[in-house]
Amino acid sequence: MSAELRLHPQRLELGRAELLTDALILPFTDIEGRLSQLAFSANALEANNLRKSMKSYLGRLNSNPHIPLKFRLKVLNRFEQELDLFDGEMTAAVLNAHKIGVVLVQEKARSAPDYYPVLVDMVANAIELSVKLLRLSLEQYHGQSILATRQFFDLARLGLDVAAASVDLPADSVSRLYKAICNHELLRKLDLFAHTPAMQQRIWLEMQYHVGLLTPCFFRQGSTPPAACTAPLLLTNLNRPNDPATTCTELNEPPAFDAIMIPAGQFTERLEMAAHHASTVLHQPDMQKQALHTEHELENTLLGCRAILNALSGEKRSEEKRGDRVNARIVLQLDAARAIRDAFHSDDGVEKKPTAAENSDHSWCIANLHTSGLCLERVNAGAIPLIVGALVGLQWLLPEHDAPDLPFDQKNPQCIPPLKRLGVVSWIKVVKPGEQQIGIAFLAEGYHLAVAVMPGGGSDAEARRTWPVLLRQQEGKRIMILPDPGTHRGMIFMLSQGERHAAFKVSDVEEVALNYTRSHIILANTTNISSR
């Protein structure tokens, strides 16, 4: 991004150079020096003070449209090297500064058409920055601010208008603009709050292989869509910045709002073909050798294509009907092994007098509760735990009086079943600054506690690695949840449940999650184990 902001410097001498007085230059020089020092000190207080200074300086920059564009881009180029300092207000201010620069070039382009390619490049730069900041926000499970989304809408509308009206624009510049707009709207459409940052990155990389097929257009209120538009259509209502694009199969009548429309027929066909090919090759190792694809690449293709197709089809993560708010709190146990032990060894799974530790950052209120899971929320300005996909323990803190009527145990609400003290984090989200939510799905019924011991380590039993594990029978298969992501196919171990002991091995790893593995196990050859 830093290199891309240095566009055609000979054409960007817009504004009056005499306005570059010490009142503008010296504060910027001071901020530059403090940014350099921050790279070595990493002081949180100084970072916050710097963020305030940068916002204030951007306010001065944006309040005067006569500041030379070359200097404006120099400031933005330096600030955009510190994306970790950006918040919602900072993002909006930077995009607004880009927009003011774009307006300056737009006014010049009306009398000098040679400025139109520069204008499209500047709009593409600003939108690419918006995409980059949106990705960073989603990795931290924050949504983009409304102000930043409105800035994107203004820039995208202008860029699409210029691209549609000009015939001599470089194809690369127009393609870059289209790709940036489509990336932004696809990111807002995808359900990335239900994926880990690593999985978000994999989905993003796969999306880049296909997004070049999309061609967005600005669609004015009441206009009739072109007949060549192929369904499904992604339609972004420019009057509603909170809402992501909607998917529709056809437009029977002109929309009653200005919109960005993205025909996605060819795009979805390619995604379906890629997903089908990857699935076929994964299940046929001989084809994998011929196609020269690694298993990791094929898994990335499947993950990315399915996530995008699910978003375009309107399919959301499975959610059952919400229950009522419960007057209770939950303390999360993030250590999966300890969570399993505590769930099955606790007397009733309920605490009435939480300790100081239980009032810590891991204590959450129950926003709503259902038989299949619950939604937790808290007011906390700290960082949200990045635990999507993790197995967590749920310690219930119920009030001494007026005990809630829990839907999964009507007979005795003070007795929480073990499997309702365990759950998997389905999604997390910062609803607004300081307000955080986590969705947790309870484990399926039928799991029982056992102990797995890895053979070896000599005669000293303490030298052997031991885990509490969960077992269940399903369709004639034994399924095991082991609180360690390092389980692998062919791993042999001893299982103990009560007085029974037997040797098993992993026949197939079904899922490798953040802090646990779910796999299929079968009886192992005890002769081979004893000879080890």
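This is a predicted model: local features need pLDDT of at least 70, side-chain atom pairs count only at pLDDT 80 or more; totals for chains, interfaces and linings use all residues.
A polar contact is a pair of N or O atoms within 3.5 Å; within protein, one atom must be able to donate a hydrogen and the other to accept it. Helix H4 itself covers residues 88–109. At 1.5 Å a residue, its 22 residues should span 32 Å. The end C-alpha atoms lie 31 Å apart, in agreement with that value.

Nonpolar packing was examined next. In soluble globular proteins, nonpolar side chains tend to be buried together. The largest nonpolar core holds 117 residues. Within this core, Ile127, Leu374 and Trp396 touch the most other members. Helix H5 gives the most to the core, with 13 residues. Beyond its neighbours within four places in sequence, Ile127 contacts Phe152, Leu155, Ala156, Leu177, Ala180 and Ile181. A second, separate core has 15 residues, among them Ala339, Ile340, Tyr447 and Leu470. Tyr447 also carries a charge over its ring. Arg472 lies over the face of Tyr447, 5.2 Å from the ring centre.

Gln144 sits in the loop between helix H5 (116–139) and helix H6 (146–165). Its relative accessibility is 17%. Gln144 therefore counts as buried, the cut-off being under 20%. Two polar contacts involve its side chain. One joins Gln144 to the side chain of Thr149 at 3.3 Å. The other joins Gln144 to the side chain of His184 at 3.1 Å. With neighbours within four places in sequence left aside, the contacts of Gln144 are Ser130, Leu134, Thr149, His184 and Arg188.

Aromatic pairs number 5 in the model. In one of them, the ring centres of Phe28 and Phe79 are 6.3 Å apart. Their planes meet at 50°, so the pair is tilted. Phe28 belongs to helix H1 (residues 22–41) and Phe79 to helix H3 (residues 69–79). The pair therefore ties together parts that are 51 residues apart in sequence. Both partners are buried: Phe28 has a relative accessible area of 2%, and Phe79 is at 0%. Ring pairs link Phe28, Tyr57, Phe71 and Phe79 into a cluster.

Phe152 and Phe153 form another tilted pair. Their centres are 5.8 Å apart, with 55° between the planes. Phe152 is buried, at 0% relative accessible area. Phe153 is buried too, at 2%.

Terms used:
Residues are numbered from 1 along each chain as its sequence is written. Side-chain values use heavy atoms; hydrogens and water are left out. Helices (H or I, at least four residues) and strands (E, at least two) are DSSP runs, numbered from the N terminus. Buried means under 20% relative accessible area, exposed over 50%, partly exposed in between (1.4 Å probe, protein chains only). Contact means heavy atoms within 4.5 Å. A nonpolar core is a set of buried Ala, Val, Leu, Ile, Met, Phe, Trp, Tyr and Cys residues joined through side-chain atoms within 4.5 Å. The expected span of a helix is 1.5 Å times one less than its number of residues. Rings of Phe, Tyr and Trp (its six-membered ring) pair if their centres lie within 6.5 Å; planes under 30 degrees apart count as stacked, over 60 as edge-to-face and the rest as tilted. A charge sits over a ring if NZ of Lys or CZ of Arg is within 6 Å of the ring centre and within 35 degrees of the ring normal.
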